[in-house]
Amino acid sequence: GGPGGGGGGGGGGGVVDLQHPAQPFDGAEQNRMQDQLRTNLTSDEISTRSGGSAGQVAYVEGWRVIAKAQEIFGFDGWSSRILQLQREYEDHDSKNGRWTYSYSATVRISLRNGTFHDEVGSGCKVDKDRGKAIENARKEAVTDAMKRGLRLFGPALGLSVYDKDYVTEAKRAKPAAAAA
């Protein structure tokens, strides 16, 4: 793609979204956004969870990435659109009454200037309530795809959690900063 375009994992990027005419950012806006996007997440913005045999895995919560995108691009400077939402797996365990659903989603993140990234995410949920399992797996897939698409715009929107050295250093510095 063109400026800011390019793709990631399961998607692509570009500079033309025919459904939404491009409205360029002015030079000052562009420079401000680039500066903000280059900034790594703080240790307070990085969460961790168990990754099984991979140990602790760093991630950014969905609400936080959306809030950062609002802060950087403005409420009317970006949008997201679900391009595809597909059930990948369904199972019902009659012994424990639990339903398992897995979904994948493809989401397009578009900026006001027409730059966009498409990305794929997944979600899997288990629940005795079939409807809740479906609902939560779908929401998780869409949120995951949004987060993966936004990260392609830079470190401030989640790319920095893929830098293992940075995450290790940020987490190490956190307790020292809290004690000061």
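In the predicted model, the lining of the largest pocket comprises, by class, 8 nonpolar, 3 polar and 7 charged residues. The volume of this largest pocket is about 440 Å³, and of the 18 residues that line the pocket, those closest to its centre are Arg49, Tyr59, Val60, Asp144 and Lys147. Two or more lining residues are given by each of the elements S3, helix H2 (62-73) and helix H3 (130-151), and among the contributors to this lining H3 gives the most, with 6 residues. As background to such a description, rolling a probe the size of a water molecule over the atoms shows where empty space is left.

Strand S3, which contributes to the pocket lining, is also part of a strand pair. Strand S2 (residues 47-50) and strand S3 (residues 56-59) run antiparallel and are joined by 4 bridges, with arginine 49 standing opposite valine 57 in S3. The two strands form a hairpin in which 5 residues lie between S2 and S3, and glycine 52, located in the turn, has a positive phi of about 70°.

Aspartate 93 has arginine 98 in S5 as its bridge partner, and the hairpin made by S4 and S5 has 4 residues between the strands, with glycine 97 in the turn showing a positive phi of about 75°. In a regular strand, the side chains alternate between the two faces of the sheet.

Helix packing was examined next. Two packed helices are described by the angle between their axes and the distance between the axes. The axes of helix H1 (residues 27-37) and H2 come within 9 Å and cross at roughly 150°; because angles over 145 degrees count as roughly antiparallel, H1 and H2 are therefore roughly antiparallel to each other. On the H1 side the contact is made by Arg32, Met33, Gln36 and Leu37, and on the H2 side by Glu71, Ile72 and Phe73. Divided by class, the residues of this contact of H1 with H2 are 4 nonpolar, 1 polar and 2 charged.

Conventions:
Residues numbered from 1 in each chain as written. Predicted model: local features only at pLDDT ≥ 70, side-chain atom pairs only at ≥ 80, totals over all residues. Heavy atoms only, no water. Pairing = 2+ DSSP bridges. 1 Å grid on protein atoms, 1.4 Å probe; cavity = no way out; pocket = protein on both sides within 12 Å on 5 of 7 lines; lining within 4 Å. Points joined across faces, edges and corners; volume = space filled by probe spheres on them. Nonpolar A, V, L, I, M, F, W, Y, C, P; charged D, E, K, R; others polar. Axes fitted to C-alpha atoms, helices over the stretch in contact; angles between N-to-C directions. Parallel < 35°, antiparallel > 145°, perpendicular 65-115°, else oblique. Contact = heavy atoms within 4.5 Å.
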